[in-house]
Amino acid sequence: MADTKYIFVTGGVASSLGKGIISASIGKLLQARGYKITIQKFDPYINVDPGTLNPYEHGECYVTTDGQETDLDLGHYERFTDIKTTRDNNYTTGQIYLSVINKERRGDFLGKTIQVVPHITDEIKRSMLYLGRKNHYDFVISEIGGTVGDIEGTPFLEAIRQLKWELGRRALCVHLTYVPYLAAAKELKTKPTQHSVKELQSLGIQPDILVLRAERDLSQALRKKVAAFCNVESDAVVQSLDQPTIYEVPVRMAEQGLDVTILRKFGMPADGEIEWGNWKRFLELRHAAKEVVRIGLVGKYNLQDAYKSIRESLSQAATWQEKKLKVDFINSEKITQDNAAEMLKGWDGIVICPGFGSRGIEGKIIAAQYCREHDVPTFGICLGMQMIVIEFARNVLGYRDANSAEMDTDTKHNVIDLMEEQKNITNMGGTMRLGAYACRLKKGTLAYKAYGKQNIEERHRHRYEFNNAFKDEFEAHGLTCSGINPDTNLVEIVEDPSKTWYVGTQFHPEYSSTVLHPHPLFMSFIKAAIHQSENK
């Protein structure tokens, strides 16, 4: 426990510079040198978790194996490193304050006046140190959301200041900033970085390493200038240029010795080479791929980050099958019976995306019908699987009013419904089936062939379930329930064996797909899409 080292990743100048990718890359590099690592995210917003946030506000909501709704950066952490994150890897201001307030209500503070310092900062520090103490990691990397200067982020930075003082050589700060290029002047400008570092220093934190985000190559002279103005060693200033893929970033960081600099600052040896495993093979395949597989995402959120894990899972599966992925959004709100052929033809495969609420679901149902009737490889995920079920009930079973109880509480054919124990819940936060649940696959099915085993475990994030009252009727008419939860008998996977590839999963397979271990269902789906492309 005493030897755990802590790396704090902060950001300045602007948001969306890629702190999550840098944090994941540092984790990857240290892991590739044989160290045991974990990465956590501290988000300054007041929401208790991202579960109730609109994807337009915050991108996708990522779910850990233990059922915590978290920031999408945890997806990057897992995809880069194959670690499994938990509820202890993501904290928000809301969670921190809620914990302190609950302690105060219980009388834990013995009547003291509760203040940001020391009570809130102590709670943040406890959260930052917890994983290292619990699991004896060599390194715990903590990414702080937002940018230096944000009022809501100040308590987190104060906690870092205290920890750097308390931990001494066991803690360091990596600060990510932006170096803009002014086209009119034809110059790169370091002043924003200098101001960002001054802001950090004014809070009592001296960054140990600077990562400079830029669109143009930064000369050695410019980096030395930054080092001199910011009190940072010259070899501790590295650049992060735009890359063809985010998975190049760890390699670019290694080329500049970021891992060596980190280890040296901790007084640790940095001998030998990094063990990349198949990482560089993945990049080689990605760069070499010429033939394209085209996938359409049918959903209602026209925002790249809303379906981040799905996009990355498709990309990983395509790369390992030596294809270049072309993925485009198809707005389900605009799909009608009249234009379905026009909007959905030409794709090698269609993903019917997850989501909540009634907006755009009729378009998803029409998309499911078009894909089933035209034998387009189709992957329905969570709500997408439910749309496959509803479409089948309407157009094959003949129940024209078939629906989910989420959308129509009065339908007599509620093929998707709440479990009985959920029907009296009114609080929206944390009331779903969340996290990893077991699933038993039916032998001989497409799902079984994809996984190559019978017992699996996958992560969930939903309230409504397949209604087992209709199960026999569905199966009698050709929709196989190929995956069943062994404890509750709930249906987890449906598929139509008469089609090339027509599968719906109640769970979210995208949460467990990583660069080195792409998800078997995405691999199987992309294989079917490639076959479709080659046989057009």
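These legends describe several close-up views of a predicted model.

Residues are numbered from 1 along each chain as its sequence is written, and side-chain values use heavy atoms, with hydrogens and water left out. Because the model is predicted, local features need pLDDT of at least 70 and side-chain atom pairs count only at pLDDT 80 or more, while totals for chains, interfaces and linings use all residues.

**View 1. Strand β18 and its two antiparallel partners, β19 and β21.** Strands are DSSP runs of E with at least two residues, helices are runs of H or I with at least four residues, and both are numbered from the N terminus; two strands pair if DSSP finds at least two bridges between them. Strand β18, which covers residues 433–441, runs antiparallel to strand β19, residues 455–462, and eight bridges join them. Within this pairing, A436 has R459 of β19 as its bridge partner. Strand β18 also pairs in the antiparallel sense with strand β21, residues 480–484, over two bridges, and here L441 is partnered by G483 in β21. In a regular strand, the side chains alternate between the two faces of the sheet.

**View 2. An open sheet of three strands with mixed pairing.** The order of the strands is β16-β17-β20, and the edge strands, each pairing on one side only, are β16 (403–404) and β20 (464–466). Strand β17, residues 414–418, pairs with β20 in the antiparallel sense, and this pairing holds three bridges.

**View 3. A nonpolar surface patch formed by Y97, I101, V116 and V117.** Together these residues have about 310 Å² of accessible area, a quantity that comes from the Shrake-Rupley method with a 1.4 Å probe, where for residues only the protein chains shown count as cover. Patches are made of residues with over 30% relative accessible area and no salt bridge, and they join like charges within 9 Å or nonpolar side chains (Val, Leu, Ile, Met, Phe, Trp, Tyr) within 5 Å. The salt bridge named here is a side-chain nitrogen of Lys or Arg within 4 Å of a carboxyl oxygen of Asp or Glu. The elements that give two or more residues to the patch are α4 (93–106) and α5 (116–135).

**View 4. The cis peptide bond between V117 and P118.** Omega of this bond is about 20°, whereas most peptide bonds are trans. Helix α5 holds V117, and P118 is found in helix α5 as well. Buried means under 20% relative accessible area, exposed means over 50%, and partly exposed lies in between (1.4 Å probe, protein chains only); V117 counts as partly exposed because its relative accessibility is 44%.

View 5. Most residues other than glycine have a negative phi. With a relative accessibility of 48%, H136 is partly exposed. N231 is exposed, since its relative accessible area is 57%.

**View 6. The stacked rings of F42 and Y91.** The structure holds 18 aromatic pairs, where rings of Phe, Tyr and Trp (its six-membered ring) pair if their centres lie within 6.5 Å, and where planes under 30 degrees apart count as stacked, over 60 as edge-to-face and the rest as tilted. The ring centres of F42 and Y91 are 5.4 Å apart and their planes lie at 10°, so this pair is stacked. The pair links distant parts of the chain, with F42 in strand β2 (residues 37–43) and Y91 in strand β5 (residues 90–92), 49 residues apart. F42 is buried at 0% relative accessibility, and Y91 is buried at 8%.

**View 7. The tilted rings of F139 and F266.** These rings have their centres 5.7 Å apart and their planes at 50°, so the pair is tilted. F139 in strand β6 and F266 in the loop between α10 (258–265) and α11 (279–288) are 127 residues apart, and the pair links distant parts of the chain. Both F139 and F266 are buried.
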